[in-house]
Amino acid sequence: MRWWLPDAGSTFAGPIDTLFLAILIITGIALVVVEVGLVTFVIKYRARPGRKAFYTHGSTRAEVIWTAIPAVTMVALGLISNHYWVLIKDKKSIPPNAYHVGVHAKQFEWQVTYPGPDGKLGTSDDFTVRNQLHVTVNEPIAVELTSEDVIHSFFVPEFRLKQDAVPGMHIMAWFQATKTGEFELGCAELCGMGHYKMRARVFVHTPDEYKAWVAQQAAGGSE
Amino acid sequence: MTAVAHTPTTAHHEPMSFWRKYIFSTDHKIIGIQFLFVSLFFLLVGGLLAMQIRWQLGFPGKPLPGGGILPETMVVNGVILPEYYVQLVSMHGTFMVFFAIMPLLVGVYANFLIPLKIGAHDMAFPRINMASFWLALLAGLVMTASFFVPNGPIRSGWTNYAPLAARPDLSGVTVGQMLWCVSIVVLGLSSVLGSLNYITTVINHRAPGMTWFRMPLSVWALFITAILGVLALPVLQGAAIMLLFDNVLGTHFFDPVAGGQALLWQHLFWFFGHPEVYILILPAMGMVSDIIANGSRKPIFGYHSMVFAIIGIAFLGWIVWGHHMFMSGMNPTLGSTFMVSTLLIAVPSAIKVFNWLGTMWRGNLRFHVPMLNAIGFVSMFTIGGLSGIFMAATPVDIPLHDTQFIVAHIHYVLFGGSLFALFAAITYWYPKMFGRMMSHRIGKVHFWLTFVFYNMTFFPMHIIGMGGQMRRIYDPTIYDFLKPQQPLNVFISYSAFALFAVQVLFAFNFLWSLKFGKKAPQNPWDDNGMEWSLPNPAPHGNWERTPNVYRGPYEFSAPEAGDKDFLPQFVKLPTDRDPVPAPLPATH
């Protein structure tokens with residue numbers, strides 16, 4: 001049983017998990033303040049015979065305090081979040097040396113196109129593999145996302161990466177895996193009755209392993 | 001039944017036939033009660049769908065108990081089919097949002113409370129009001145009918161994302177999708193007619209002395225909600241008509257294969273959909289404010305900031321729709337803008353929560369059933385509001401978007417928030433509707449059991465969502481990373497069954513008290529509202545002569561009240577002067 005976010009598998013996990021924890025602390029404090037206040041008042045001010053409530057219509061000072069504190073906190077949170085948001089999602093943040101793969105989603109599978117031995121997408125040595133995404137560890141990977149039919153969503157929990165694939169759009173997403181191993185790629189957007197089984201394997205290789213795999217695929221011809 | 005009580009200010013009408021009085025009624029109170037019965041029925045339908053969802057998620061592949069009565073297009077050998085599962089989640093959302101919570105809050109309480117609380121004889125347009133109810137019922141029946149057509153109801157979620165919803169060849173749904181669109185257009189018409197009525201009534205039909213800032217917060221909230229409704233629903237109607245054309249006439253508004261735009265649907269849907277979220281919570285906040293002031297025997301803390309917070313939430317509600325689309329491929333710079341506006345909604349929401357706490361501070365708290373549910377609302381809405389901050393912060397939204405975390409969030413707002421407020425409101429205004437009290441004892445047991453099982457059901461959803469369980473997947477156990485948390489899914493399912501089962505208490509209390517409840521005194525909660533100057537139930541036309549309003553709605557424990565701890569809006573003290581009546585609107 002897991003009580004936290006999945007294990008970290010990409011460079012995004014660091015800032016995202018830290019931000020998650022920060023928000024958990026902020027909201028945790030707010031929650032404790034409210035719930036403890038509520039329970040205290042429920043016990044302390046329960047009706048007793050002969051007692052009358054304190055007649056007041058409020059306090060401007062209190063209003064200013066509990067307007068200002070959330071406002072400042074939220075603006076600060078927005079600014080910090082935006083920094084990482086831009087780093088993760090902005091097109092300009094994709095490292096220029098990123099290795100490009102094409103991911104084409106369709107009901108209900110992922111077709112991954114690899115650049116082949118020449119390292120360039122859109123050339124004749126490209127090859128396509130169904131439901132398998134192979135990448136190299138510690139290398140920025142740019143995913144060129146497209147969709148055949150309806151909206152799907154590319155989601156690898158360990159990478160903290162989610163990006164919809166929208167028909168008619170060519171969307172770029174990127175990540176950099178930090179550990180080798182096997183992960184799962186799921187579809188996070190309802191795409192029809194087979195939505196639940198739109199599942200692919202993600203393999204994070206060492207550079208040598210990856211080269212060997214590409215050579216083997218290129219030799220065996222594309223699928 | 002007609003006008004049995006003869007207080008001097010009570011309206012007097014000729015007896016009417018059963019049909020005119022209860023079925024084709026133009027009385028805002030009867031229309032509110034009609035909405036109440038119909039939407040409680042749809043709440044039950046939505047709940048039954050939820051139980052099947054929880055069965056499948058807790059016990060995938062095991063035969064659904066009683067599933068044998070369902071046709072083979074839904075269930076084979078007792079096991080729920082993937083296409084039926086997708087229909088279950090789609091229709092659960094549709095019924096709960098459009099036919100249970102929205103009509104319960106707006107259809108029932110805007111109708112029932114607005115005229116009573118502002119001292120009006122009825123709605124501005126009583127016959128349009130009747131049309132609004134019948135259109136809503138028609139829409140509900142059309143939506144229900146989609147279960148009985150070939151290929152069944154929609155399979156694209158209650159949000160109907162295109163192009164899945166726009167292309168029968170991709171969704172596998174034909175007639176069901178058309179019925180969804182038609183039903184939504186009809187329901188939108190009902191909502192717009194209702195909203196125009198509420199807005200007009202509040203502006204034109206306030207009794208002398210009922211100034212804007214003497215209106216109870218329930219009326220303020222319902223008034224602002226009506227403005228949201230009249231602006232938001234037409235957008236959805238337009239989008240639904242376009243979607244219908246895509247399905248039936250072969251247009252391609254949302255299908256990129258022929259030059260359409262897939263994201264256009266999402267922009268239109270959420271431009272409606274986010275204000276809709278506030279349509280589903282603002283009335284709850286308003287009624288809870290009234291009930292907390294009553295239960296605390298204190299004026300509401302910071303009345304004016306409460307009003308401005310309602311207006312602030314409603315205004316911000318129009319500029320946050322993009323937060324549903326952070327992962328959609330929309331320009332990330334737009335994402336930044338929508339993140340800031342979304343985070344800012346925390347401010348008016350915090351103002352409201354702290355003012356409720358301020359109201360209870362140094363009060364003399366009476367824990368009647370409405371008060372218990374109202375306190376439940378405050379504590380649960382707080383969790384729902386705070387969990388929203390995780391998804392508002394765009395980077396954190398990346399792993400959480402479209403997982404069970406958002407399912408937990410929406411249920412903390414709509415069940416923990418809206419539905420607890422409705423349990424409070426139904427119990428509170430029950431005597432005004434039916435002249436009898438609901439049982440306090442059953443009400444208290446129902447509250448505590450619901451509160452416990454509700455948290456056991458929805459809180460763990462945050463955790464499986466953090467673990468990455470996607471929404472709307474038929475079988476989480478096929479994923480290696482989700483398998484370890486399956487025991488929690490089983491736990492949630494058992495809790496959900498218990499939560500559903502204890503609602504029998506509410507249903508029993510509601511129905512039994514109609515006939516056997518204790519007769520209600522005229523002002524059972526010692527409240528200040530205008531409605532309590534009338535007998536229970538109030539006659540058609542409410543007041544014989546338009547009443548005067550002498551003060552604000554929350555003068556609990558005011559020094560002038562003497563021995564009592566409340567001072568109703570309609571009580572004239574020797575020091576009070578009669579308000580100058582405003583000129584009657586031209587419609588009279």
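**Notebook: two chains, one predicted model**

I began with chain A, which is divided into domain 1 (13-91) and domain 2 (97-220); these bounds come from an automatic or database domain assignment. The C-alpha centres of domain 1 and domain 2 of chain A lie 40 Å apart.

A note to keep at hand: this is a predicted model, where local features need pLDDT of at least 70 and side-chain atom pairs count only at pLDDT 80 or more, while totals for chains, interfaces and linings use all residues. Residues are numbered from 1 along each chain as its sequence is written, and chains are lettered from A and ligands numbered from 1 in the order in which they are written.

Next I looked up where the chains touch. I found 88 residues of chain B in contact with 78 residues of chain A (contact: C-beta atoms, placed from the backbone, within 7 Å). Helix α12 (residues 346-360) of chain B gives the most to the chain B side, with 9 residues (helices are DSSP runs of H or I, at least four residues, numbered from the N terminus). By class, that side has 54 nonpolar, 23 polar and 11 charged residues (nonpolar: Ala, Val, Leu, Ile, Met, Phe, Trp, Tyr, Cys and Pro; charged: Asp, Glu, Lys and Arg; polar: the others, Gly among them).

Last, I turned to a helix pair in chain B. L217(B), W220(B) and I224(B) are among the α7(B) residues in a group that meets α10(B) residues including M306(B) and I310(B).

Note on methods. Contact = placed C-beta atoms within 7 Å. Helix = DSSP H or I, 4+ residues; strand = E, 2+ residues; numbered from the N terminus.
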